[in-house]
Amino acid sequence: MSEAANETGTEQMTIIAFSGDLDKLWPTTILASTAAANGMDVTIFFTFWGLMPLVREDVRHTGNDAMTKMLSYMNPPGFKRANLSKLKFGGMGSWMMRKVAAKNNLLPPEELFEMAQEMGVEMWPCQMTMDLLGIEHSDMVPGLGEPAGAATALARMSKSEISLFI
Amino acid sequence: MSEAANETGTEQMTIIAFSGDLDKLWPTTILASTAAANGMDVTIFFTFWGLMPLVREDVRHTGNDAMTKMLSYMNPPGFKRANLSKLKFGGMGSWMMRKVAAKNNLLPPEELFEMAQEMGVEMWPCQMTMDLLGIEHSDMVPGLGEPAGAATALARMSKSEISLFI
Amino acid sequence: MSEAANETGTEQMTIIAFSGDLDKLWPTTILASTAAANGMDVTIFFTFWGLMPLVREDVRHTGNDAMTKMLSYMNPPGFKRANLSKLKFGGMGSWMMRKVAAKNNLLPPEELFEMAQEMGVEMWPCQMTMDLLGIEHSDMVPGLGEPAGAATALARMSKSEISLFI
């Protein structure tokens, strides 16, 4: 039990969102919004591939040199361009999964993300990944927290009842 | 440390089994059975792809409409049809890995799963995934707990010394 | 909060390094070295694919029979032969990612690993995986801890403020 929890009585959860895959964006956003709805303080630290969904939909490609631009072509940014981790089939898998989700009233990750934001979930972009992939703060969706590093994420995790790497 | 642990003196572990890949079924079932053997209270919450291994071997395909049926063709259910997360080679990788495991007396995941069940590990299927993929309770192996949701899994994790997303 | 932490005042983190993919070796080694730099006691338990990067660079292939040797051909050992979990493109993805990392002064995982070792991070190879894949202690990089099993890893995790499965 964290000291913070002892002091404030509020439980904490921290998720390291390493994956930007569509199928993993669902547990990240479902767990975060459900925990927030149940009164927990929730932080998501978006790092590596996990940063790509945070890029705004109208920013089609990111990068500040040939290499990072090519990486963003190979791995298109934005929630709506996220692919499944398996059953890719040239994007058909993610299209099917979104159809199945919609039919069953499961919100898409981009809407669960916004809902979680409105419920106070802190969304931290990883500073190192931004530098690495040449992603500017202005490339990303609004309402994110200050870019953070591993030390900040670790400090938050050490005070959290639940820490998950997704 | 959870309040429950303080009260009962029993440590808890909760695993979110998101992956249904053969290679990840081993750590899930090995950690669960080993923890149970060492006196811990263990719960596994099977969600998304992780639900597919729980489908009975004689149920060759699942789904309640064209889309979910096609998904189950692309991602065949049951422990014994699980593929590796890498080195797939059309199923040869998982065949080889099972051979190597058998030669080294490492039980296959389906047997470790049953052993863990017998040792009292609670196996919770994710209700939302069942709805999403059109999987009925009768499609699944016996001895599972009641279908559960994210809030129930979070409550268990917040009382667990160890929570892992696999 | 673990009893050990109560006694010594030192926080603990345990990482189960299941993946040997280049992109996941970065969070493993960055989190471990950053946590150690901030005074935490850190243990990494290298298991399954995660054991392969620990094989020395001059050991080109491992295995003690036809099957395990073939597995090591399909999944070459050593940090420098690690591939990305996605965007493989026959090794071009990992080559590009290493270039991008070097340009941005992000150390490669093999150097972060050594730095973490020097800072006292305990590196535990999984005994079962060594047996399974036919990897000898002499095949691996120096400075590793004694081979450990799931029970030892679980005991360490149950005393850790942060436990992650990567």
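**Figure 1. Confidence of the predicted complex and of chain A.** The predictor assigns the complex an ipTM of 0.93 and a pTM of 0.94. Chain A has a mean pLDDT of 93, and 95% of its residues reach 70 or more. In residues 1–6 of chain A, however, the pLDDT is below 50. Beyond near neighbours in sequence, this stretch has 15 contacts in the model. Where pLDDT is low, the predicted coordinates should not be read in detail.

**Figure 2. The open sheet of chain C.** Four strands form this sheet, in the order β3-β2-β1-β4 (chain C), and their pairing is parallel. At the edges are β3 (122–125) and β4 (162–165) of chain C, each of which pairs on one side only. On average, neighbouring strands of the sheet are turned by 15 degrees against each other, direction ignored. Strands of a sheet pair through backbone hydrogen bonds, either parallel or antiparallel.

**Figure 3. Strands β1 and β4 of chain C.** Strand β1 (residues 12–17) of chain C runs parallel to β4(C), and 4 bridges join the two. Within this pair, Ile15(C) stands opposite Leu164(C), a residue of β4(C).

**Figure 4. The contact between chains A and B.** On this interface, 22 residues of chain A are in contact with 20 residues of chain B. Three elements of chain A, namely α2 (22–37), α4 (92–103) and β4 (162–165), each supply at least two residues of the side that touches chain B. Of the elements, α2(A) gives the most to that side, with 7 residues. The side of chain A that touches chain B is made up of 15 nonpolar, 3 polar and 4 charged residues.

**Figure 5. The contact between chains C and A.** Here 22 residues of chain C are in contact with 19 residues of chain A. Two or more residues of the side of chain C that touches chain A come from each of α2 (22–37), α4 (92–103) and β4 of chain C. The most is given by α2(C), with 7 residues. By type, the residues on this side of chain C divide into 15 nonpolar, 3 polar and 4 charged.

**Figure 6. How the copies are related.** Two copies of a chain are related by a rotation about an axis and a shift along it. Chain C is superposed on chain A by a rotation of 120 degrees with 0.0 Å of shift along its axis, at an RMSD of 0.0 Å. That is the relation of a three-fold axis. For chain A on chain B, the rotation is 120 degrees, the shift along the axis 0.0 Å and the RMSD 0.0 Å. Only 9% of the interface residues of chain C are also interface residues in chain A, so the copies meet through different surfaces. Likewise, only 9% of the interface residues of chain A are also interface residues in chain B, so these copies too meet through different surfaces.

Notes
Residues numbered from 1 in each chain as written. Chains lettered and ligands numbered in written order. Predicted model: local features only at pLDDT ≥ 70, side-chain atom pairs only at ≥ 80, totals over all residues. Pairing = 2+ DSSP bridges. Axes fitted to C-alpha atoms, helices over the stretch in contact; angles between N-to-C directions. pLDDT = per-residue confidence, 0-100. Contact = placed C-beta atoms within 7 Å. Nonpolar A, V, L, I, M, F, W, Y, C, P; charged D, E, K, R; others polar. Least-squares fit on C-alpha atoms with pLDDT ≥ 70 in both.
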